[in-house]
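Biologist: Before we look at anything in particular, could you take me through how features of a model like this are read, one at a time?

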There are 2 protein chains.
Amino acid sequence: MAQNGRQTLSEVASGEGVILPEPTLRRLPWYLAYLSTLRAKKVSHVSSTQIARELNVDASQIAKDLYFLNIRGKTRIGYEVTALERKLRDFLGFDRQHNAVIVGVGSLGAALMSDQGLQRYGLNVVAGVDINPELQGTFVGGIPVVNPDDLPMLVKKLGVSVGILTVPFDAAQDVADELVAAGVRGLWNFTPRRIRVCGDNTVVANTSIYSHLALMYNRLATMPQNQSD
Amino acid sequence: MAQNGRQTLSEVASGEGVILPEPTLRRLPWYLAYLSTLRAKKVSHVSSTQIARELNVDASQIAKDLYFLNIRGKTRIGYEVTALERKLRDFLGFDRQHNAVIVGVGSLGAALMSDQGLQRYGLNVVAGVDINPELQGTFVGGIPVVNPDDLPMLVKKLGVSVGILTVPFDAAQDVADELVAAGVRGLWNFTPRRIRVCGDNTVVANTSIYSHLALMYNRLATMPQNQSD
C-alpha cells in the first residue's frame, strides 16, 4: 500500500489497500451472494440493472460500488459473472484465512464456535477463551476452550488477527484491552457495551443482535394490525 | 395506540405505540445493559454524563433518547437506576415473549437454536424449519425441527410473530413470502439477500454478519501496521 494513503492503479485492481466507504462494504457481500447463485445456474453475464432489480439497490449505486474496485461492466453485455464473483471474494478477503479467538464461551459464544459457516467467509476460529475452569480443556464444535492466561501466547503463535467478544457487558472493555495488548487488531463486538480502543491500529465491528431485536419489537408493536383473520 | 399516529401522554409513559427513530432504538439496549451492571453493583442513581462516559455516547443524546420515553433525570441526582432499567426493559419488549421460528437449520440456524441467550431478550424459538427430511423430527438445543408444510399451522397455533431467516440466498425471498403468507409479521434476516415485503404490515430487521466481516477485513488490510514487534 502506498505510504501516503493514495492508491496506485495496480493496487486498486488487486484489491489491496483500498479503503472503501462502509455502505459500499456492506453491499458488496450482497452482490457476491447473488453472483454465486448466478454462477451455480451457469449464467455467464449480468447487468447492474438485473442486480439492482434482484437486490433492491439502485443500479447506478451498484455501478459506482464496483467502479471502486476498478470493475466496469461492458455496454449491453454487463459484468462477467465468474470473473466478478472471483474479484469480489478476493477483494472482500473471504478467500484468505483470518485466525480468530472467541472470548466468552456462553450461549452465544458457544453457538458461534459451532457455526461452521464462518470458515467459508475466511474466519478460522482457533480457540474459545473462558474464565470458567470447568470449560477450559473442553471442546465446542471441535474447537478447544482455553484459559485467558494462554491468550497472549496463542495470539502470537497462531497469528490471531480477530477477537470475537461474547462476554458479559461488565467484562467487555477489559477483554478488549487484553486482546489489543496481546496483538489482536480486529475486534468483533457482540456485546451491548461500546468498546473503546486507542489509536488507529485497531478496528472494531459491532454486531448488536439485541439492538436488532429491539428495533423489530418496536416496529411490531407500533405497526397497523393485520386486517386478515 | 391513537389511530392518527399521534401519541397521548399516557401511551408515551407506558411505552406503547411509540415509534422511535432507529438510532435511538439501537442505543437503548446499550443503556439497558449498563444499567443492569449498575443495579448488580447496587448503585442507586446515575447521571447522563456518567452513562455518556461509559458508553462513548454524547450526554445530550442520551437525555434526548430517554426523553422520547418520557423519562427525565433529576438535576444533580440523575436517573434512578432500578426504575430506569425496568422502564427500558418494558419499553424494549425484552420482558414480553415473542414466539419465533428459525427457517433453515444449517450451521447458523442450528447455532441460533442453541443460543439460550435469546430467551432473555424476549425471543422464544418454538421450532426450526428445514426442507431436509433427515433433520425433520430431530431436536436442536431442545427445539424440534419441522417440515415447512407445518409452518402455517404452527404460526397460527403458537402465535408466531418472528421468523428468523437462515436459509441460502436463493431460498430467502420464497421463505420470506411463505412466512408472511402464514401470518408472521417480523422477519429477522440473516441472509445476504435483501428481502422484499409488500405493504406496511411486515417489518424486516437485517443482521448482515458477513457484511461486518467484510468491513473488518478491509479495515485490517488497510490500517497502518503495528509498530511494536
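Modeller: Let us begin with residue classes: Ala, Val, Leu, Ile, Met, Phe, Trp, Tyr, Cys and Pro count as nonpolar, Asp, Glu, Lys and Arg as charged, and the others, Gly among them, as polar. Please keep in mind throughout that this is a predicted model.

Biologist: With those classes in hand, how many nonpolar, polar and charged residues does the lining of the largest cavity have?

Modeller: That lining has nine nonpolar residues, with no polar and no charged ones. The residues concerned are A:L108, A:A111, A:L112 and A:I209 together with B:L108, B:A111, B:L112, B:F190 and B:I209, and the elements giving two or more residues to this lining are α6 (107–114) of chain A and α6 (107–114) of chain B. The space in this largest cavity comes to about 50 Å³, and the structure holds three cavities of 30 Å³ or more.

Biologist: What is the volume of the second largest cavity, and which element gives the largest share of its lining?

Modeller: The second largest cavity has a volume of about 40 Å³, and α9(A) supplies the largest share of its lining, three residues. Two or more residues come from each of α9 (209–222) of chain A and α2 of chain B, and among the lining residues are A:F190, A:R194, A:Y210, B:P29 and B:W30. By class, this lining divides into six nonpolar, four polar and one charged.

Biologist: How should I read the packing of two helices?

Modeller: Two packed helices are described by the angle between their axes and by the distance between those axes. In chain B, helix α2 (residues 22–40) packs with helix α4 (residues 59–68) at an angle of about 100 degrees, and their axes are 10 Å apart. Because angles of 65 to 115 degrees count as roughly perpendicular, α2(B) is roughly perpendicular to α4(B).

Biologist: Which residues of α2(B) and α4(B) make the contact?

Modeller: From α2(B) come B:T24, B:R27, B:L28 and B:Y31, while α4(B) brings B:Q61, B:I62, B:D65, B:L66 and B:F68. The residues of this contact divide into five nonpolar, two polar and two charged.

Biologist: Finally, where do the domains of chain A lie along its sequence?

Modeller: Chain A is divided into domain 1, covering 9–92, and domain 2, covering 98–213, and the centres of these two domains, taken over C-alpha atoms, are separated by 31 Å.

Note on methods: Residues are numbered from 1 along each chain as its sequence is written. Chains are lettered from A and ligands numbered from 1 in the order in which they are written. This is a predicted model: local features need pLDDT of at least 70, side-chain atom pairs count only at pLDDT 80 or more; totals for chains, interfaces and linings use all residues. Side-chain values use heavy atoms; hydrogens and water are left out. Axes are lines fitted to C-alpha atoms, for helices over the stretch in contact, and angles run from 0 to 180 degrees between N-to-C directions. Helices (H or I, at least four residues) and strands (E, at least two) are DSSP runs, numbered from the N terminus. Angles under 35 degrees count as roughly parallel, over 145 as roughly antiparallel, 65 to 115 as roughly perpendicular and the rest as oblique. Contact means heavy atoms within 4.5 Å. Domain bounds come from an automatic or database domain assignment. On a 1 Å grid over the protein atoms alone, a cavity is a set of points where a 1.4 Å probe fits but cannot get out, and a pocket is an open set with protein on both sides within 12 Å along at least five of seven lines; lining residues have an atom within 4 Å of a point. Grid points are joined across faces, edges and corners, and a volume is the space filled by probe spheres set on the points.
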